[in-house]
Amino acid sequence: MFDYIRNFFVNLGTSWTNWLNSFLPEPAVTVVNFLVIGIILVMMPVIATLTLTWMERKVIGRIQNRIGPNRVGPWGIFQAIADAVKMLVKEDIVPDGADRPVFNLAPILIAAGAALLWAVIPFGRGMVGADLNIGVIYLVAVGSITTVAVIMAGWASNNKFALIGAFRVVAQLLSYEVPMILSIAAVALIAGTMSTMGVVEAQQVPFALLMPVAFIAYFVAGSAEVGRAPFDLLEADSEIVAGYFVEYSGLKFGWFYIAEYGNLFAISAIATTLFLGGWRGPFSHEVPALGPLYFIIKTILVVFLLMWIRGTWPRFRIDQMLGFAWKVLVPATLANLLWVAVILKLPVPQLVQWVLMLGGNLLIIFIAATMLGRAAKRYAEAHNLNPASSAV
Amino acid sequence: MLSQYAFIAIFAVIAFALPVIGLVMAWFLRPKKPNPAKNATYECGMETIGDTWVQFKAQYYLYALVFVVFDVEAIFVFPWAVAYNKLGLYALVEMVLFVFILLGGLLYAWQKKALEWH
């Protein structure tokens, strides 16, 4: 009995498969299993929206000295469900002159893209939709679908605000994809594999401790990719109303919303998988059923950090944001990639390699911070700003 | 491994089906009462002026060009990273050369002020 609970989820899967085997032929069992796993994983963005919107409104409410939702159910936990029902029964408006097929296709594409990410995210040992040998490239490739869907939405709406949002998407999402790819490449380099399961297995020490540069770059690029404050120029409600989805209403708007929170959760889950040790934790080898628990806890912590940043930082200007991506993050992640490559070829024990990696990373952070500080000082002098208030 | 890709194929079908099912469900539930004022483009209550579908600013193309260079590089870096432990010292030398050529390109774009916002 205890042995069953120790690896509960995997054993449950085995029992389920055995039960199916008792009355179905072998290929049908595989198909049924794929369908069940697929339906569970595809619901992840929806589950994320129903829980994380409530969490976000509570967290940001606390940061802004408010209470947040507290009317619908205890502590307002049914607020998200009430919103979902409202979206389902709202009238759908397609503006005059919109490019109808593209306009209708964009929400479907963005929701599908958000769901597709979950296929390769490992929740625990042996708990992954598909353990692809190109897992991390799959993540990067599927993550780019969002860009296409957002441009489609902005272009098809026949609205100038939406179009400005789409313009900004091109610059922002493309620029931040480069440091993201480079930091993920450093992970693949240390792990020696692109399979997400393999990356987690390889993390005797969380990679965030070996390569803080890659982790920070991924974290910043990730929050830019999902378009959240301080990188929310694509939707910037105070400048361009809501950017690319201003003309959407009803459930079509709902799919954009679900994709945003699904992507937020997915980005945090990927950061956990690649840099924070995924489902590894104390006793996770003896009791594999603890793995998903550790995974969810770490992911929620990353989500909380992103919400904290959203609640406290002002929005960047587009030139500052693009400059940061190309002039700071790209050189820093390239330097990190090369440094890790050099260290891995040194004939020294693994512990020394780890210390050297961390040391080099701290040096990169120090140089980047010094140069940023100097640039800020130059900018303040050039614009006659008070250095005390404009430092950083 | 082939069955893993079969899963991705099935999963992709489900992932595209879910939003479609949701929209069809909403189609049955929602009211349908369009009128000209409701269908007007929403630009802060003003009548829209001029053509919406204007040309992209040239600046965006510059970013897209630099991006393409680095994105193609990614296709090269990932296989290199996975095979790195099995390769000799030449893998390191070759990647250092490659990255420095890339960096040269980035510095050139930087110097030409392609990364500044005009």
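**Entry 1: the A–B interface**

I looked up the contacts between chains first: 66 residues of chain A are in contact with 54 residues of chain B. Contact here means C-beta atoms, placed from the backbone, within 7 Å. This is a predicted model, in which local features need pLDDT of at least 70, side-chain atom pairs count only at pLDDT 80 or more, and totals for chains, interfaces and linings use all residues. Residues are numbered from 1 along each chain as its sequence is written, while chains are lettered from A and ligands numbered from 1 in the order in which they are written.

On the chain A side, the elements giving two or more residues are helix 3 (26-42), helix 5 (79-89), helix 6 (100-116), helix 9, helix 14 (250-275) and helix 16 (318-345). I sorted the chain A residues that touch chain B into 43 nonpolar, 12 polar and 11 charged. Ala, Val, Leu, Ile, Met, Phe, Trp, Tyr, Cys and Pro count as nonpolar, Asp, Glu, Lys and Arg as charged, and the others, Gly among them, as polar.

**Entry 2: chain A as a whole**

I found 18 helices and zero strands in chain A. These are DSSP runs numbered from the N terminus, with helices (H or I) of at least four residues and strands (E) of at least two. The radius of gyration of chain A is 23 Å, close to the 21 Å of the globule rule for 392 residues, so chain A is as compact as a globular protein of that length. The radius is taken over C-alpha atoms, and the rule is 2.2 Å times the number of residues to the power 0.38.

Buried residues make up 50% of chain A. A residue is buried with 20 or more other C-beta atoms within 10 Å of its own, exposed with 12 or fewer, and partly exposed in between, again with C-beta atoms placed from the backbone.

**Entry 3: the core**

I then checked the largest nonpolar core, which has 145 residues; A:Ile110 and A:Tyr218 are among those with the most contacts inside it. Such a core is a set of buried Ala, Val, Leu, Ile, Met, Phe, Trp, Tyr and Cys residues joined through C-beta atoms within 7 Å. Leaving out residues up to four places away in sequence, A:Ile110 touches A:Thr146, A:Ala149, A:Val150, A:Trp255, A:Phe256 and A:Ala259.

**Entry 4: helix 4**

I noted a kink of about 30° in helix 4 of chain A, centred on A:Leu52. The bend is the angle between axes fitted to the seven residues ending at a residue and the seven starting there. A:Leu52 is buried, as are A:Trp54 and A:Glu56, among others in this helix. The cover over the buried residues of helix 4 includes helix 5, helix 6, helix 14 and helix 15 (290-312) of chain A.

Conventions: Two residues are in contact if their C-beta atoms, placed from the backbone, lie within 7 Å.
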